[in-house]
Amino acid sequence: MEKDSKDKFVFDTSALISLGIASLIDKVLQICQIVVSRSVIEELQEFAKFNDKYGNVAKEVLRFKEVFSIFDVEVKEKRLYISETDNELYNLAKEKAIPLITDDIKLSRHVNKSIATYFSTYLLTALVLSGTISKEKALELLEQMKENRNWRNNIIYILSKIEIENL
Amino acid sequence: MDTEQFNLRISKELLRDLTIIANLLKVNKGEWVKTKLAKEIHEEKNKLLMELSNLYANSMITKEEVGKLVGNEIAEEMEFIKNKARESIRKGAGYGKRLKR
């Protein structure tokens with residue numbers, strides 16, 4: 001598939017890190033076009049300064065940045081309670097009328113009524129149903145992605161596991 | 001940060017021990033207790049909310065019951081996450097099917 005013929009999705013840093021933890025960025029690029037604001041690249045570069053787990057994941061994600069569609073975004077509609085980068089991503093998704101992939105609950109809740117938002121697990125099932133990875137592999141990768149254990153992620157993990165098992 | 005006063009009556013023995021700790025660490029007793037209490041509250045809250053989220057995600061407790069236990073704000077957030085997680089998986093599946101065709 002050519003870059004421009006694939007469906008486009010705006011990704012925030014949290015979603016790219018989740019997919020990076022599961023080493024899925026290359027596979028995701030096979031099925032869609034990753035659209036980001038320049039500030040997302042800058043956030044990843046900040047993570048990449050450190051040699052810890054997230055730093056290494058950020059470095060891995062940044063290996064693919066040449067094939068990302070990167071935009072300088074003007075914030076025309078500012079939403080309260082979310083960061084500057086999140087406002088850029090909201091405006092980018094709204095202007096291009098494409099969904100925002102984020103694992104940031106606060107961002108998702110604040111923009112949910114204006115744009116389509118999905119957790120990064122959207123891509124897991126898209127990869128399974130497109131025949132790119134098996135259901136078993138998706139469940140294995142979901143285990144890796146749930147590592148950041150807090151009650152919010154715990155609900156995403158349990159629900160996603162139930163839904164993937166029923167695919 | 002907004003604060004509110006919260007008084008504690010503790011045994012003399014516990015206060016003596018607290019004084020020993022404060023003297024050895026060269027810290028203020030109140031500050032040391034506040035730091036320890038904040039850490040303990042944070043960990044215990046996370047642990048209990050993890051258990052509650054397990055029950056809620058597995059449909060063993062309703063949103064209304066969650067609301068009665070921990071307040072409507074957390075109950076609303078849990079409901080949002082549950083619905084969004086389902087929606088993400090199902091819409092992702094639809095997109096994947098479309099790609100395969």
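Start by selecting S23(A), which sits in the loop between α1 (13-21) and α2 (25-31) of chain A. Keep in mind as you go that this is a predicted model. Check the backbone of S23(A): phi is near 50°, a positive value in a residue other than glycine. Is S23(A) buried or exposed? S23(A) has 12 other C-beta atoms within 10 Å, and a residue counts as exposed at 12 or fewer, so S23(A) is exposed.

Next, move along chain A to A97(A), in the loop between α5 (84-96) and β4 (100-101). Here too the residue is not a glycine and phi is positive, this time near 55°. With 9 other C-beta atoms within 10 Å, A97(A) is exposed.

Now select α7 (121-129) of chain A. How many of the residues of α7(A) are buried? The count is 9 of the 9, so the helix is largely enclosed by the rest of the structure. Colour them if you like: T121(A), Y122(A), L123(A), L124(A), T125(A), A126(A), L127(A), V128(A) and L129(A) are the buried residues. After the helix, stop at G131(A), where phi is positive, near 85°.

To see what touches what, show the side chains of L124(A), L127(A) and V128(A) on α7(A), then K135(A), A138(A), L141(A) and L142(A) on α8(A). By class, this contact has 6 nonpolar residues, no polar ones and 1 charged. As you look at the spacing along each helix, recall that an α-helix has 3.6 residues a turn, so residues three or four places apart point the same way.

Finally, bring chain B into view. The contact between the chains takes 29 residues from chain A and 29 residues from chain B. On the chain A side, α6 (105-111), α7 (121-129) and α9 (151-165) each supply at least two residues. Sorted by class, the side of chain A that touches chain B has 18 nonpolar, 8 polar and 3 charged residues.

Before you close the viewer, a word on confidence. The predictor gives the complex an ipTM of 0.93 and a pTM of 0.90. Chain B averages a pLDDT of 96, with 100% of the residues scoring at least 70.

Terms used. Residues are numbered from 1 along each chain as its sequence is written. Chains are lettered from A and ligands numbered from 1 in the order in which they are written. This is a predicted model: local features need pLDDT of at least 70, side-chain atom pairs count only at pLDDT 80 or more; totals for chains, interfaces and linings use all residues. Two residues are in contact if their C-beta atoms, placed from the backbone, lie within 7 Å. Helices (H or I, at least four residues) and strands (E, at least two) are DSSP runs, numbered from the N terminus. Ala, Val, Leu, Ile, Met, Phe, Trp, Tyr, Cys and Pro count as nonpolar, Asp, Glu, Lys and Arg as charged, and the others, Gly among them, as polar. A residue is buried if 20 or more other C-beta atoms lie within 10 Å of its own, exposed if 12 or fewer, and partly exposed in between; C-beta atoms are placed from the backbone. pLDDT is the predictor's confidence in each residue, from 0 to 100.
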